[in-house]
Amino acid sequence: MKIVVRTPNWLGDCIMALPVFRELRCKYPNAEIVAACRKNVAACFSASKYIDRVILAPSKGANISQYIKSIRELRNEHFDIGILNTNSFGTALWLALGGVKRRIGFARDYRRFLLTDHVMANAKILTAHQGEYYLDVLKVLGIKAEMGYPELEISSKGRAEAENSLKELNLLNKAYAVIAPLSAYGGVKDWGNSKYAEVAKQIVQTLGMEVVITGTPEQVKVTQEISNVSVGVHNLAGKVSLSGFMGIIEKAALYIGGDSGGAHTAAALSVPTVTIFGITEPSRTKAIGRKVTVVGDGGMCTPNLRDPEVQKAARKALEAITPEKIINEARLLLEKEK
C-alpha cells in the first residue's frame, strides 16, 4: 500500500501535523508513507522515522507546465490513499488529477466532489487545537488518536550546518538562547523590536547566556537592530537553511518568540519555550511540548489578521506584555530544568 499526505504549507502547521504520520505508521506498519509538501518546508519531514520519503507539491507560483509535470509525477506514483491536511480546492484537485485512488479530507472550499471520502468540519473540530484538526480526517480510516507530542527529527545535514554556524559564533559548547522576533504574518503577531532587544540584553546580563537572533533573509535589517543591543547577541537571520535553523534550536537552552513556526520547532525538540501570544487563541495554535510556557491570553480562534480592528486589538494585547514578564517566565522554565 502507498499513502501520500499533502501537508500544510507553513512551518508551524507542518509540525502540528506530524502526529498524522505517527498514527498512519501505527495503523499501516508495512505501507509506504510519503509526505507531499512545498520545498520550503521539506526539512520538517525528510528525517522522520514515520515517513519513507518526501515528494514536492507544486509551489504557489507554479506555471502550467510545472503543474502538469507535477501531475504526471504524481500519477506515476500510483498512490492508494491520499490524506489532505490542507483546506484548499487546489490541493484536492492535485490529488484527483494525480490519480490517487482514495482521497480523504475536509469538505471545504467547494471541493467535496473531488474527495472519495469527506469529513464535515463541525463546530467542535473548528475550535479544537489545530493538531487535533489534522488528525480528525483519519477517523475515516478507523484511526482515533490524541495528538500527544509532535516528534520532530533533524537530518545529519541540518545538524552539521548548525554546528558549523555555532563554531563561527564560538557557541558550540556554550549555553545560548534563541529569539525569533518576527513571524510570517508581520506586525500583527510581532511583539516589538525594542522589547525583544531588552529581553536579549537581560538574557545576557541576568541569565548568563549568549543569544542567537533568527529570521529569514528578508528580516535581516530588523533582526540586526535587535542584535546590536549588547555584546553576546548574534544575528543569524538569513544565514542558515530551515534544517540548519532546526539544528540551531535543537542545541539551545532556551527559545523565546511569538506564535509562529519557531515556537513549534522548539517545543517539538523539547527546548524550554516561551511563546508570546497577542489575540490568536493559544488553545488553537499553541506549541505542544513538555517544556512550553504561553504568555498572553489570546481570545480569537480564527481572527482575520488583515482586519484593521483586529490588528489594533492585537497590538494592544501585545503591548500589555512586558520584557520583565518574559524574563521571569524564562527563569521559571530554566529552574525546572535543574
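Serine 270 is placed in the loop that lies between α11 (261–268) and β11 (273–276). In this predicted model, serine 270 adopts a positive phi of about 60 degrees although it is not a glycine. Most residues other than glycine have a negative phi.

Aspartate 109 belongs to the loop between β5 (102–106) and β6 (117–119), and its relative accessible area of 40% makes aspartate 109 partly exposed.

Two packed helices are described by the angle between their axes and the distance between the axes. For helix α8 (residues 193–207) and helix α14 (residues 323–337), the axes come within 9 Å and cross at roughly 40 degrees; the two helices are therefore oblique to each other, and α8 passes α14 in a right-handed crossing. On the α8 side, the contact is formed by Lys195, Glu198, Val199, Gln202, Ile203, Thr206 and Leu207, which meet Pro323, Ile326, Ile327, Ala330, Arg331 and Leu334 of α14. The residues of this contact of α8 with α14 comprise 8 nonpolar, 2 polar and 3 charged.

How values were computed:
Residues numbered from 1 in each chain as written. Predicted model: local features only at pLDDT ≥ 70, side-chain atom pairs only at ≥ 80, totals over all residues. Heavy atoms only, no water. Axes fitted to C-alpha atoms, helices over the stretch in contact; angles between N-to-C directions. Helix = DSSP H or I, 4+ residues; strand = E, 2+ residues; numbered from the N terminus. Parallel < 35°, antiparallel > 145°, perpendicular 65-115°, else oblique. Left-handed = near helix turned anticlockwise from the far one by under 90°. Contact = heavy atoms within 4.5 Å. Nonpolar A, V, L, I, M, F, W, Y, C, P; charged D, E, K, R; others polar. Buried < 20%, exposed > 50% of the residue type's maximum accessible area, 1.4 Å probe, protein only.
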